[in-house]
Amino acid sequence: MVCTSFLFSQMALAQKPPEIDLQDLAMPSEIKDLAKQAGAVYYSSTSRNKSLMPVHFWGEVQRPGLHYIPVDTKLIKGLSFAGGGGSLADLDEVVVNRVQSGKIKRSEFDLDDGGDIVSHEYTLHPGDTVFVPRDMFQENRAFYTSLISVAATIISTILIVKRIEKE
């Protein structure tokens, strides 16, 4: 038993923690009377005495922009800080982009039914960009419905003209 717990503690120490630039972090005391406005910068006031990290939320979220949220925030909770997906959000194609070693690592998540265990355990890092795309179904449906209406009008006009010409 002691050997097993020693082994697990050594494995935990061997894991490399995520690289965090201390310049990117803010303490709640540093942001006391900052005005908040839509589309600007948001600070989480729900977690006291925790360092905050910058994460960008873009696309179809209620409050897009730069959010300072607690370190070690999971993806689902982070989206909640941004107000969750908007009414036109396509939640089955949520993307998190992370810069690592000069390259962008892209992670995709299907949150349509609340997400799976991977999305609930995925930890956001400072500088991540979370993008929620727009569901184009409503816009596409309106376009094709109007296109079908125009085609039906043209066809019925042609049929009426041919009928009149016969008589």
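**Surface patches and fold of the predicted model**

Ile 154 is partly exposed, at a relative accessible area of 47% (buried means under 20%, exposed over 50%, partly exposed in between; 1.4 Å probe, protein chains only). The model is predicted, so local features need pLDDT of at least 70 and side-chain atom pairs pLDDT 80 or more, while totals for chains, interfaces and linings use all residues. Residues are numbered from 1 along each chain as its sequence is written, and side-chain values use heavy atoms, without hydrogens or water.

Ile 154 lies in helix H4, residues 137-166 (helices are DSSP runs of H or I of at least four residues, strands runs of E of at least two, numbered from the N terminus). With Val 150 and Ile 158, Ile 154 forms a nonpolar surface patch. Their accessible area together is about 260 Å² (Shrake-Rupley method).

A patch of negative charge gathers Asp 92, Glu 93, Asp 110, Asp 112, Asp 113, Asp 116 and Asp 135 on the surface. Asp 92 sits in the loop between helix H2 (75-81) and strand E4 (94-100). Asp 92 is partly exposed, with a relative accessible area of 32%.

Tyr 68, by contrast, is buried, at 16%. Tyr 68 belongs to strand E3, residues 65-70. The C-alpha atoms of Tyr 68 and Val 55 are separated by 6.3 Å, with the two residues 13 apart along the chain.

The protein chain has four helices and six strands. Their order along the sequence is α-β-β-β-α-β-β-α-β-α. Of its 167 residues, 28% count as buried.

Conventions: Patches are made of residues with over 30% relative accessible area and no salt bridge: like charges are joined within 9 Å, nonpolar side chains (Val, Leu, Ile, Met, Phe, Trp, Tyr) within 5 Å. Accessible areas come from the Shrake-Rupley method with a 1.4 Å probe; for residues, only the protein chains shown count as cover. A salt bridge is a side-chain nitrogen of Lys or Arg within 4 Å of a carboxyl oxygen of Asp or Glu. Lys and Arg count as positive and Asp and Glu as negative; His and the chain ends are not counted. The place of a charge is taken as NZ of Lys, CZ of Arg, CG of Asp or CD of Glu.
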